[in-house]
Amino acid sequence: MPVYLDHAATTAVLPAVVERVAEQMGGLGNASSLHTAGRASRRVVEESRETIAAALGARPSEVVFTSGGTEADNLAVVGTYRRRRADDPSRNRLLVSAVEHHAVLDCVEHLVAHEGARVTWLEVDGEGRVDPGTVRAAIEQQPDDVALVSVMWANNEVGTVQPVREIAAIAHEHDIPFHTDAVQAVGQIPVDFGESGADLLALTGHKIGGPLGVGVLVARRDAALEPLTYGGGQERQIRSGTLDTPAIAGLAVAVDHAVGHLHEHAAHLASLRDKLVHGATAAGYGITVSGPYEVGDVTRRLPGNAHLRVPDCEGDSLLYLLDAAGVECSTGSACQAGVPQPSHVLLAMGVPEAQARGALRLTLGHTSTDADVEAFLAALPAAVERAQRAHRASRGSGR
Amino acid sequence: MTYLDHAATSPPRREVLEAVLPYLTRDFGNASSQHDLGASAHAALEDARARVAARLGARASEVVFTSGGTEADNTAVKGIALAAPRGRHVIVSAVEHPAVLESAAFLERIGYDVTHLPVDHDGLVHVEALRAELRPDTTLVSVQYANNEVGTVQPVAELAAVAQELGVPFHTDAVQAAGWLDLGVDALGVRAMSLSGHKLGAPKGVGVLYVRRRTPIEPLLHGGGQERGLRSGTSDVASAVGFATALDLVDLARSEPVAAQRDSLIAEVLDRVSGARLTGHPDRRLPGHASFVFDGVSGESVLLRLQERGTLCSSGSACAAGSDEPSPVLLAMGYDPALAQTAVRLTFDERTPAADLDAVAGQIADAVGAVRKLAAG
């Protein structure tokens, strides 16, 4: 078995989830049907909704099931923009952190290119953090024209946790809705929707041991959203489409498990992460950690995230060499895999382009062990030396 | 219990569940990841795509996995119209599924002209009606392959040919037709086609949008750029494999015997239940689909009595279940609202025990009789 250190891309489905999904796939009925089979399916959906709401500090009616994190983010950003702008055409400005996932960024770019939106990018500091003062200043440029503020709860590449509660409070001073992409945060740090003050929050199943193809947009009852998909009017008319009962049931098991085991899980991940970071930075290649980092910390950085920068080499070569040595990881977001561009997150953090190229993201999850970390540390030196040689050779030949 | 609501959702096949399971457990990778686990997920996804394409007579690059039929319809209708190669006029039939009708309504709200093609009393769209409505600025025609409430099968190939004469993209919602009718996209002449997994023996939460190459289309979801940029979001490999497996298991040879069962069921209901009328076309209809209205009863009360007798069916679309409104499909077919509210739809497949089907006409006769007696009482 290869060593899997890419849990932020997707993680193994929990056995209890597989069991629940398989059991429900054998079930009959469309949750919108009125007969007994339909009502049984509906009961599973509503119980799952209650479980998820309870785990996330939300009300059941605030849980809107989607096909995943991307759809939840799209619904939040595009749906809010369209509705807020329709209600008041002057509201066409989006305040978005520069380090968002592409599910948010690409929506913003689409709205700018095709639907008359303007964007104020919220800059981050060297650790990838948005200063609440930055948000305040951006809003106060012209509070009335802001359609939405969107800042992720925790970053997918470097694991930086954002001050979402402070940002939500600032947005609310001006009655501006606040969306947060909590896809990476749920299951690693405490996420309480009600307490956070967010109006909208996206999460996905497959990052927490749930199935692929299912996610949630937590949306306050007063969140004004134009749907993306029209049709049967399911999910408060916000998201049409036959409810995927088996996936929803599996998601509830995963969320409940992730939140129920949060503290022990976070401590376990952090201890593995610290061992990994210590081993890598002490290996003698000038390897550094991106984002906020402190041994034992589980609040400012996701406990399962280690993001390393290796000088004088290409992350893609490292990835290839580590993969050949049986270690699976990533240079950043899986969604951008194969695109040989430096990460927008690192660039926003002020990392010089040359350094941003040597990025390696190692993310831990519920199946991770000490042995995984040791295997990575054992494979690292040879991979770094070869990648650096290749880098020097290509630079040499280029001159 | 007799489940006669396959048009709402049809149970996944055992072989499908077996095919899906490894992708929920061992092969859980993200198909966009570059390492081996990602590559293996990617290979499974592309294999599923190729298998679906083969069944449609399409290229793999023309097959887009979605979260279901509703998303496929929304992407097709809004996406092709918004790409607007020709103008801002859209034609849909009056009996489309809400996923198409509501997408068209969205377009209308943002300034498009929408024409609803009328249907005849059997629910059929006529080629001449389409021809009369096509305009130089028509940018999309969307007519379903078969209707979900009354089972009428539309002359899609003829309609698509008329649209094609003017170079207008033609989309068909084939959610109900899939599994029963030939889905060859070349013979149908369609530019886009929507399919849903859970109506053809695959799991819920997965669908397919076929889009012929060089058809301009705007994506509905933005993000990681999966599915050639047309549908962002981490690929649900297990569901894609389930969809391909279910489609591969479809044997159109089942259509004939199931249609024969349907015809005897219809004959028996019309014979035994006074005031019963078949809705939809008598011949051009889905094999496993029988739908009726009954003079002088309320649809919901018949459904309840059938359920007491162990038979689960519906009045029409599950999506509209619980609504007091008469079916827009039946209204478009010219039924008066009171009669339209008595609709009962029985949908089944070859897995439905023959004995159960045989018992249904008697149960309906009893149920309708009891409701009438109560009303007269």
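**Burial, fold and charge in the predicted model**

B:Cys313 is buried, its relative accessible area being 6%, where buried denotes under 20% relative accessible area, exposed over 50% and partly exposed in between (1.4 Å probe, protein chains only). A:Cys107 is likewise buried, with a value of 0%. With a disulfide defined as a pair of cysteine sulfur atoms within 2.5 Å, the count over all chains is zero.

The structure is a predicted model, in which local features need pLDDT of at least 70 and side-chain atom pairs count only at pLDDT 80 or more, while totals for chains, interfaces and linings use all residues. Residues are numbered from 1 along each chain as its sequence is written, chains are lettered from A and ligands numbered from 1 in the order in which they are written, and side-chain values use heavy atoms, with hydrogens and water left out.

Chain A contains 13 helices and twelve strands; these are DSSP runs numbered from the N terminus (helices, H or I, at least four residues; strands, E, at least two). The C-alpha trace of chain A spans about 65 × 55 × 35 Å along its principal axes. Of the 399 residues in chain A, 62% are buried. Among contacts in chain A with a separation of 6 or more, 74% join residues 24 or more positions apart, a contact being heavy atoms within 4.5 Å.

Chain A carries 33 positive and 49 negative side chains; Lys and Arg count as positive and Asp and Glu as negative, whereas His and the chain ends are not counted. The centres of the two sets lie 2 Å apart, with each charge placed at NZ of Lys, CZ of Arg, CG of Asp or CD of Glu.
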